[in-house]
Every structure is written in structure tokens, then in C-alpha cells.
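I opened this structure for the first time today. These are my notes, in the order in which I looked things up.

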Amino acid sequence: MSELTLNKIDNLIGNFNSEIYIGYVENEEEMNRNIIKTIDEEVGENDYKTNVMAQMTKWEMWHYPGFNKLGAIFLNIVKDLGAIKKVSNVKFDMVDMWGCKYKDGDYTHSHDHWPAVWSMVYYPFSQKDSLGLFFPDFNCEIKPEHGKIVIFPGHYQHQVNKKPFKGYRYVVSANIR
């Protein structure tokens, strides 16, 4: 059974009150292995063709091994966030879920996921000194860590800056409407 603790980043800059939530999915090593294996097998369809200037899977990965479990975790978190915001009568749907595999020199252009209500980034495995998730409006970089999940409103601009590192950076991203 996976465990999750979410922490909110408050007051990143000035009077802005961010809604960036960070947590860790623990005790899910089989899920992480399945995600990495699937990304390795499925990259190619969108490589270097989107905002992601890295290897990338197709958009509809939520039925694949590992991705399916992570998708359920993400939907449950969003349901809980909806209850906190007193909008528990809303039905949320996964609209995109994809995997990326970055190497040295890869990056992602600044973009948002509007009209997605919530977006997610998950790190099933993280190389030391690999690329962070950067939110330019808040001047905030979130370092990747094994099992870290980052959830934020879909309209937030975000990017991944170029940075030299060794190995690969695996990431799963998803959007909910």
C-alpha cells in the first residue's frame, strides 16, 4: 500500500500564495520499476516534438503498468484537494499522462497545461544533480527526488532548464480536468 504526505509551498514570492503541493509516494518500488521499464519501451512517438525537448511517450499512458497505479494516486489526491476546497461534487478526469526520459542537454520550454485544473510531475527515479522543475512566475525550482510528486494548477507556467548531468532523468506528467 502506498503512503503519501503532501506539503504545500506557501508564499513563494511577494504576495503570491502558490498552490504547489509536494509529497512523496513511498513503498512503491514495483510501480517505479514498471514506469521506468515502460518509458524505456515506449519513448519515440513524441521525442523532441512538443515543449519537451527530450524523449517522450505518447499522451495516453494511464493504462500501462505502473502508470495506472500512479494515475489512481493522482486522482485520489485531487479528489482530496477538491474536498479541502469545498468542491467535492466535481468529477475529475485524467486527460493526459505521459513519460519522459531526459539526458544531458535536454530541457523543456516554458509552458502551461491550461485548461487542465491540476497538473502533476512525478519522479520514479532521480539521478543526482539532474534537472529541476522551474516555475518562473515564482522563481522557484523544485529538485527531483526519488518518489517525489509535485501537483500544481494547470495554468502555472513551468519549464525544465538545461543543466549538465550524467545518466537519465525519468519523469511522469499528467493533467486532470
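Predicted model: local features only at pLDDT ≥ 70, side-chain atom pairs only at ≥ 80, totals over all residues.

Entry 1, a lysine. I began with the side chain of lysine 101, which makes a polar contact with the side chain of aspartate 40 at 2.9 Å. I take a polar contact as a pair of N or O atoms within 3.5 Å; within protein, one must be able to donate a hydrogen and the other to accept it, and residues adjacent in sequence count only if both atoms are side-chain atoms. Lysine 101 sits in strand β5, residues 94-102. I found lysine 101 buried, at a relative accessible area of 12%. Buried means under 20% relative accessible area, exposed over 50%, and partly exposed in between, with a 1.4 Å probe and protein chains only. Leaving aside neighbours within four places in sequence, I listed the contacts of lysine 101 (heavy atoms within 4.5 Å). Among them are Ile39, Asp40, Val43, Asp106 and Tyr168.

Residues are numbered from 1 along each chain as its sequence is written, and side-chain values use heavy atoms, with hydrogens and water left out.

I counted two helices and 12 strands. Helices (H or I, at least four residues) and strands (E, at least two) are DSSP runs, numbered from the N terminus. The order from the N terminus is β-β-α-β-β-α-β-β-β-β-β-β-β-β. Of the 177 residues, 50% are buried. Among contacts between residues at least 6 apart in sequence, 75% join residues at least 24 apart.

A nonpolar core is a set of buried Ala, Val, Leu, Ile, Met, Phe, Trp, Tyr and Cys residues joined through side-chain atoms within 4.5 Å. The largest one has 28 residues, and Leu70, Phe74, Met120, Tyr122, Ile151 and Val172 have the most contacts inside it. Its largest share, seven residues, comes from α2. I then looked up phenylalanine 74; beyond four places in sequence, its contacts include Met94, Trp118, Met120, Ile151 and Ile176. Apart from this core lies another, of 22 residues, including Val52, Trp98, Tyr123 and Phe152.

Most residues other than glycine have a negative phi, and most peptide bonds are trans. I looked for exceptions. A cis peptide bond joins tryptophan 114 and proline 115, with omega about 15°. Proline 115 is in the loop between β6 (107-111) and β7 (118-125). Asparagine 27 has a positive phi, near 60°, and lies in the loop between β2 (20-26) and α1 (29-42). Asparagine 139 has a positive phi as well, near 50°, in the loop between β8 (133-135) and β9 (140-142). Asparagine 27 is exposed at 53% relative accessibility, and asparagine 139 is exposed at 58%.

Cysteine 100 is buried at 2% relative accessibility, and cysteine 140 is buried at 11%.
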